[in-house]
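Please read the following account alongside the sequence and the three-dimensional view.

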Amino acid sequence: MFVLFEEAGKFQAGRILSEADSSLQVELDSGKRVKLKAANALLKFEKPAPAALVAAGQKISEEIDLDLAWEFASEEEFGFAELARDYFSADPTQPASTEQQAAALFRLFEAPHYFRRAGKGRFRKAPAEILQQALAAIEKKKQVIAQITAWAEELAQGSCPAPVREQLYKILFKPDKNSPEYKAVVEASRAAHKAPLDLLQQAGAIASPYQFHWKRFLFENFPKGTAFPAVQAPPVKDALPLAADVQAFSIDDSSTTEIDDALSVRGLGSGTVTLGIHIAAPGLAVLPGSPIDLLGRARLSTVYMPGYKLTMLPDAVVQSYTLQEGRNCPALSLYVTLDEATLAISGTATRLEQVPIAANLRHDKLDAVFTEEFFEAAAAGAPPADVAWGVELSFLHRLARHLKAQREVVRGKPENFNRPDYNFSLDNPTGQEPEGKEKVSISIRKRGAPLDLIVAEAMILANSTWGEWLAEHGVPGIYRSQASLAPGVKVRMGTRALPHAGIGVKSYAWATSPLRRYTDLVNQWQIIACVTHGRTAALAAPFKPKDAELFSIISGFDGAYSAYNGFQAGIERYWTLTYLQQNGITELTATAFKDNLVRADDLPLVLPALGAQGLPRGAKLRIRLGEIDEITLDVSGTVVERLDLVVDDAAAGQVDEEDNESEIAAGPISIAVDLSDVSDDGSAVAPAAS
């Protein structure tokens with residue numbers, strides 16, 4: 001006697017060795033013996049042999065019309081043998097054959113949308129409306145599978161279907177793995193034996209390497225687009241006094257439209273000089289929770305890149321508060337009183353006022369005038385009277401050098417930033433989003449140029465002074481701190497006034513760029529509360545000590561600022577590689593600095609070079625460039641010549657403080673397409689018969 005049974009969703013048949021009330025001992029064709037619960041025995045038979053029964057049942061089951069079987073089936077619960085009798089037997093009093101009964105069992109089991117399981121070998125037919133819904137879903141699934149196959153074939157043939165192109169960045173980086181577009185890419189990649197990114201490139205899904213980097217950044221950081229809603233910049237309602245005897249001037253690049261800061265100098269020649277540091281004051285009009293505040297908090301910072309930028313606030317709002325020359329502008333001013341001879345600070349005062357902006361100076365136009373030589377000559381004698389702002393800038397340069405020297409005493413060592421700055425200029429007269437094909441020029445600008453030094457030291461003075469002032473008033477702010485200059489100790493953001501070892505100040509609160517950084521706008525609100533309410537400012541400030549909102553802002557800003565800086569570094573590397581290609585540069589001079597990495601001497605480019613491993617830091621090399629990949633931003637090189645015989649000991653031992661920063665914004669791109677994902681064809685899984 002043989003038995004057909006189900007075990008763990010799988011049909012098997014074998015010979016009965018022994019039988020008790022509740023169990024059977026069964027020997028399978030393989031020789032394996034199993035103990036079977038009596039309830040799992042579905043069909044006992046004498047012939048044919050077990051394997052022949054299963055094979056015949058599977059073949060016959062394929063011929064069973066499910067719609068017809070559903071019509072034949074009883075409205076009540078029934079067994080598979082009953083359905084087999086009704087479906088196959090001409091005489092309703094005679095049972096169906098053993099093979100036909102097995103066929104009915106297999107067919108019922110694999111069609112749960114037609115028949116619901118009600119127990120071992122027992123079924124109940126699905127209600128008509130439920131069946132129709134299930135059949136419609138199955139048909140839709142078939143159509144989706146057909147669409148996936150068609151799209152996969154298009155991709156494999158080098159053409160990208162429009163739906164896949166539209167979902168490109170979602171597919172690559174944040175996919176819905178059940179979407180047909182994603183499955184088509186997986187299926188095509190498997191069939192073509194190509195990496196998904198290579199497949200999509202060859203299919204034309206990526207318009208250009210530049211667009212790939214730009215659209216990916218927008219997808220990850222601006223999924224709703226970069227356009228601002230229409231908003232009206234509110235006016236400053238408070239009547240502000242006009243700053244007496246102040247003629248302020250800003251120093252920025254020509255492309256700068258968000259002019260946050262300006263300087264003024266009074267009292268030169270009198271022995272006591274008053275330095276004014278004037279910061280645009282949108283915080284007087286834009287209130288926490290207002291529509292414009294919500295825009296700033298959503299973006300958190302201006303995004304910079306060669307030839308373009310995404311401002312934190314709408315341009316119309318920026319122009320309402322920017323320190324534009326020829327206007328009296330609302331400003332938060334820090335006045336610092338100094339001894340003209342010794343430059344010792346005797347006092348500070350913070351005011352809210354209207355500041356006359358006499359000039360917007362542009363350092364890219366004036367760097368050639370206000371050089372180190374100019375200021376050295378001014379220090380040796382009187383500054384040239386015919387150079388506009390020459391007298392004021394000469395004093396400010398002397399003060400900046402003094403302030404920097406004081407900070408370096410606190411730091412315990414001089415600041416060591418040896419790399420130059422690089423300016424990227426695109427031939428893009430429209431000022432619109434670059435396409436990635438523009439002619440690019442790269443120029444070198446020495447780090448710490450005199451005008452830069454003047455602005456930087458003035459802003460450090462304001463940020464550190466206001467940081468301490470907030471703490472004195474018990475008003476929390478957003479601070480940047482660094483516990484020490486030990487390797488691995490990073491700059492952190494928090495709400496406490498802690499020392500910043502890297503800068504060499506007791507505390508440092510970003511507050512001088514409220515049009516460009518949201519943290520600065522937040523700190524400006526807190527400072528305004530101190531100016532307005534004095535010692536009771538902690539009660540009136542928008543953000544209170546241990547305010548959860550402050551920590552939320554810090555967390556959001558940290559993430560956004562890192563993402564924006566990472567994008568800027570990557571897109572500058574893209575333009576550097578484009579510059580190499582546009583100018584046919586195949587070799588360059590470089591300096592070894594770490595492991596097998598070298599840094600180009602005249603371009604903002606770090607790359608690995610074969611043959612550089614083991615060379616001393618500071619070794620001068622000629623590098624032959626390899627193939628450039630503008631998608632991964634990869635380029636490698638080979639050392640073809642050592643240009644120096646001996647490395648200067650001082651240069652070899654000198655460590656640039658920026659060496660710990662990310663050196664190469666390149667490498668394999670991590671995508672979320674997993675070729676091991678199994679496509680779901682939508683069909684129900686039936687137990688396998690063996």
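By class, the lining of the largest cavity comprises seven nonpolar, no polar and one charged residues; here Ala, Val, Leu, Ile, Met, Phe, Trp, Tyr, Cys and Pro count as nonpolar, Asp, Glu, Lys and Arg as charged, and the others, Gly among them, as polar. The lining residues are Leu 275, Leu 396, Leu 399, Ala 400, Leu 403, Ile 454, Glu 457 and Ala 458. Two or more of them come from each of α15 (390–411) and α16 (450–472), and α15 supplies the largest share, four residues. The volume of this cavity is about 40 Å³. On a 1 Å grid over the protein atoms alone, a cavity is a set of points where a 1.4 Å probe fits but cannot get out, whereas a pocket is an open set with protein on both sides within 12 Å along at least five of seven lines; lining residues have an atom within 4 Å of a point.

The model is predicted: local features need pLDDT of at least 70, side-chain atom pairs count only at pLDDT 80 or more, and totals for chains, interfaces and linings use all residues. Residues are numbered from 1 along each chain as its sequence is written, and side-chain values use heavy atoms, with hydrogens and water left out.

The second largest pocket has a volume of about 540 Å³. Among its 25 lining residues, Ile 345, Leu 461, Ser 464, Thr 465 and Glu 468 lie nearest its centre. Helix α16 gives the most to this lining, with nine residues.

Elsewhere, five strands form a closed barrel in the order β20-β21-β22-β24-β23, with mixed pairing; two strands pair if DSSP finds at least two bridges between them. Strands β23 (residues 620–625) and β24 (residues 637–642) are joined in the antiparallel sense over five bridges.

Turning to aromatic rings, Trp 214 and Phe 217 have ring centres 6.2 Å apart and planes at 25°, so the pair is stacked. Rings of Phe, Tyr and Trp (its six-membered ring) pair if their centres lie within 6.5 Å; planes under 30 degrees apart count as stacked, over 60 as edge-to-face and the rest as tilted. Both Trp 214 and Phe 217 are buried, where buried means under 20% relative accessible area, exposed over 50% and partly exposed in between (1.4 Å probe, protein chains only). Trp 214 also pairs with Tyr 308: their ring centres are 6.1 Å apart and their planes at 85°, so this pair is edge-to-face. At 21% relative accessibility, Tyr 308 counts as partly exposed.

Definitions and conventions: Grid points are joined across faces, edges and corners, and a volume is the space filled by probe spheres set on the points.
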